[in-house]
Amino acid sequence: MAALEASETRKRSHTVVAKLLNVVRPDVLWLGQKDAQQALILEGMCRDLDIPVRVRRGATVREADGLACSSRNNYLNRDERAQAIALSRGLAAARRAVRAGERSAARIRRTILTVWRAYPLVREDYVAVADARTLEPLSAVPRGRRVLVAVAARVGRARLIDNFEWRAP
């Protein structure tokens, strides 16, 4: 039921975006990398519906300590805010591991979760290593393909997301 409700909510939000694009007719639609999954879906929608707009992604804007900027951060109290940096710190550890040659999705995932253990208020929703174009889960980071390492976690009543893309040489 929850998956269906989420699916219906996504359909409505895409309908709203499509209507807005058809009314405004921008040359470029900027989306944030933090919302990579949503950006990928909207890129496909624009392509599939022949909406004449160039879709671009902007880098994730971050707070000084690395936490991805989000309106959801306003839901965090001081203690939760201090723990929320686990998301960006876990991803930073995963990025270092991948740059050092790690290709196992399971080990990349474990790297993130190991960092998160030091932050008891962070409750995992998901930690995923996926193909950046299809969002299909991967067991290993293949050479030459773009990979999305994405996380979501609950901290207090806020559900926070973050990610990074990587192309293995």
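Reply: Happy to! Let's start with burial: a residue is called buried under 20% relative accessible area, exposed over 50%, and partly exposed in between. Keep in mind that this is a predicted model.

Me: Is E43 buried or exposed?

Reply: E43 has a relative accessible area of 18%, so E43 counts as buried. It belongs to helix α2, residues 36–48. Beyond its neighbours within four places in sequence, E43 touches V55 and R57.

Me: Which residues are linked with E43 in a network of salt bridges?

Reply: That network joins E43 with R57, R146 and E165. Across the whole structure, the search finds 10 salt bridges.

Me: What does the salt bridge between R62 and D162 tie together?

Reply: First the geometry: the closest N and O atoms of R62 and D162 are 2.8 Å apart. R62 lies in the loop between β2 and α3, and D162 in strand β5, so the pair ties together parts 100 residues apart in sequence. As for burial, D162 is buried at 2% relative accessibility, whereas R62 is partly exposed at 32%.

Me: Where do the partners R81 and D65 lie?

Reply: Their salt bridge has its closest N and O atoms 2.8 Å apart. R81 is in helix α3 and D65 in the loop between β2 and α3, 16 residues apart.

Me: Which ring does the charged end of R95 sit over?

Reply: The ring of F164, with the charged end 4.4 Å from the ring centre.

Me: And which residues form a nonpolar patch on the surface?

Reply: L20, V23 and V24 do, with about 310 Å² of accessible area together. V23, in helix α1, is exposed at 70% relative accessible area.

Methods. Residues are numbered from 1 along each chain as its sequence is written. This is a predicted model: local features need pLDDT of at least 70, side-chain atom pairs count only at pLDDT 80 or more; totals for chains, interfaces and linings use all residues. Side-chain values use heavy atoms; hydrogens and water are left out. A charge sits over a ring if NZ of Lys or CZ of Arg is within 6 Å of the ring centre and within 35 degrees of the ring normal. Helices (H or I, at least four residues) and strands (E, at least two) are DSSP runs, numbered from the N terminus. Buried means under 20% relative accessible area, exposed over 50%, partly exposed in between (1.4 Å probe, protein chains only). Contact means heavy atoms within 4.5 Å. Patches are made of residues with over 30% relative accessible area and no salt bridge: like charges are joined within 9 Å, nonpolar side chains (Val, Leu, Ile, Met, Phe, Trp, Tyr) within 5 Å. Accessible areas come from the Shrake-Rupley method with a 1.4 Å probe; for residues, only the protein chains shown count as cover. A salt bridge is a side-chain nitrogen of Lys or Arg within 4 Å of a carboxyl oxygen of Asp or Glu.
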